[in-house]
Amino acid sequence: MTDSRDELFMARAVELARRGIGRVEPNPPVGAVLVRGEKIVGEGWHRAFGGPHAEVEAFREAGEAARGASLYVTLEPCCHQGKTPPCTEAIREADVAEVVYAVRDPFPAVAGKGVETLQAFGLEVRAAFDGSAARELLAPYFRWTVEGLPWIVAKWAMTLDGKIASRSGDSRWVSSEASRQRAQRARDSNLTILVGVGTALADDPLLTCRIEGGRQPLRVVADSRCRLPIASRLVRTAREAPLLVATTPGAPPANVRTLEDEGVEVAILPATQDGKVDLVALCRELVRRRAVTVLAEGGGKLLGALFDRSLVSEVEVYIAPRIVGGREAPGPVAGLGVQRMADALDLDAVSTFRTGEDLMITGRVQRRAAD
């Protein structure tokens, strides 16, 4: 088989896998394609957590045509019993001719064992010549599985002069309606949203997904003293949409009880030396709750602290063509920052889009050797 043929069909498998983003977590999004000769005879992707895996979906579509076909799959097939039976068994029963996978699964129950199991069945198994697209797609799953940390997407909207609000704190609205609608779709794909208590107090946000048919994310507020008022929209909707307040042992017990009485879940986590919520501990708590991707929507202090701790993996920025000005007007990222421009964080995989009147920029934070 030629590299170009592998590239063509694996690209299709990656395209299918993308359809599962935001629906399968904490499982990885996976796509599969069955090929006979030059013709695709079956396709599938992991559609929902607990549902059939991509390989099984492809076999169902192909039927008897799967026999003797080549199976292209974006991730090493699983070989253990989880929510569903092992995919290696389904592959053996389908009697395919070969399995071509893009990336080995780092999950300890698989981690090369899927390939070994298939080879023990007498199947030809090989890695695709280039699995970079699949690795990029699976990066959040790899960070969650290997490092025990969520993939944090730092999102903000700012004016052309880098302000997220006016000097009075007014921030409605920095971005266009089209940008806000796109942000709603991002909430549907990221089942955990994180903000600092300063943003919660200043903006009184809902942080819900308002797309018809969309799912409600877990709303998380980092609030070291449990200052979130019961009159806030977040607390008032806590019984309809899940709300977690991450606080510290220094929070007044009365404040904790008040929030809990309103249906808010409170997690008491370690504090930093300055009394703030330890964000690494918060990340570990979110991983324990099976949060793979977290959308961090501000404010500047929270985002700055996340960047300072090398916890941000990706950025999503909306730039509005307007000028606010003012020395007191806040910017999107506070924290300590870097001392030298040479130490500034760089992005790769950068993309730009027009969304309404705004410019949207996305990119992945380049990891440093010490991170």
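In what order do the strands of the open sheet of five strands stand, and what kind of pairing does the sheet have?

Reply: In this predicted model, the open sheet of five strands runs in the order β2-β1-β3-β4-β5, and its pairing is mixed. Its edges are formed by β2 (39-45) and β5 (124-127), each of which pairs on one side only. If direction is ignored, neighbouring strands of this sheet are turned against each other by 20° on average. Within the sheet, β3 (residues 70-75) and β4 (residues 98-103) pair in the parallel sense over five bridges, and Ser70 stands opposite Glu98 in β4. Helix α2 (residues 54-62) lies across β1 (31-36), β2 and β3, and runs at about 135° to β2.

The cysteines can be considered next. Cys78 counts as buried, at 8% relative accessibility, and the closest cysteine sulfur to its own is that of Cys87, at 3.6 Å, which is too far for a bond because a disulfide requires sulfur atoms within 2.5 Å. Cys209 is buried as well, with a relative accessible area of 4%. By the sulfur distance rule, the count of disulfides comes to zero.

The model also has an open sheet of nine strands, in the order β10-β9-β8-β7-β11-β6-β12-β14-β13 and again with mixed pairing. Here the edge strands are β10 (265-268) and β13 (347-355), each pairing on one side only, and the twist from one strand to the next averages 20°. Strands β7 (residues 192-196) and β8 (residues 218-222) run parallel and are joined by five bridges, with Gly196 standing opposite Ala222 in β8. Helix α6 (residues 177-189) packs on this sheet, where it touches β6 (151-159), β7, β11 (293-296), β12 (312-320), β13 and β14 (358-365), and its direction makes about 160° with that of β12.

At one end of the sheet order, β13 and β14 pair in the antiparallel sense over seven bridges, with Phe353 opposite Met360 in β14. These two strands form a hairpin with two residues between them, and Gly356 in the turn has a positive phi of about 65°.

Apart from neighbours within four places in sequence, Ser175 is in contact with Ala157, Arg180, Ala320 and Asp358. Leu311, by contrast, lies in the loop between α11 (300-308) and β12, and is buried at 3% relative accessibility. Its contacts, not counting residues up to four places away in sequence, are Arg143, Leu149, Ile152, Leu279, Val280, Cys283 and Leu306. Of these, Val280 is 31 residues from Leu311 in sequence, while their C-alpha atoms are 7.9 Å apart in space.

The second largest pocket, finally, holds about 900 Å³ of space. Its lining comprises 33 residues, of which Ile21, Asn190, Glu314, Glu316 and Arg364 lie nearest the centre of the pocket. The elements giving two or more residues to that lining are α5 (132-147), β6, α6, β11, β12, β13 and β14.

Conventions:
Residues are numbered from 1 along each chain as its sequence is written. This is a predicted model: local features need pLDDT of at least 70, side-chain atom pairs count only at pLDDT 80 or more; totals for chains, interfaces and linings use all residues. Side-chain values use heavy atoms; hydrogens and water are left out. Two strands pair if DSSP finds at least two bridges between them. Helices (H or I, at least four residues) and strands (E, at least two) are DSSP runs, numbered from the N terminus. Axes are lines fitted to C-alpha atoms, for helices over the stretch in contact, and angles run from 0 to 180 degrees between N-to-C directions. Contact means heavy atoms within 4.5 Å. Buried means under 20% relative accessible area, exposed over 50%, partly exposed in between (1.4 Å probe, protein chains only). On a 1 Å grid over the protein atoms alone, a cavity is a set of points where a 1.4 Å probe fits but cannot get out, and a pocket is an open set with protein on both sides within 12 Å along at least five of seven lines; lining residues have an atom within 4 Å of a point. Grid points are joined across faces, edges and corners, and a volume is the space filled by probe spheres set on the points.
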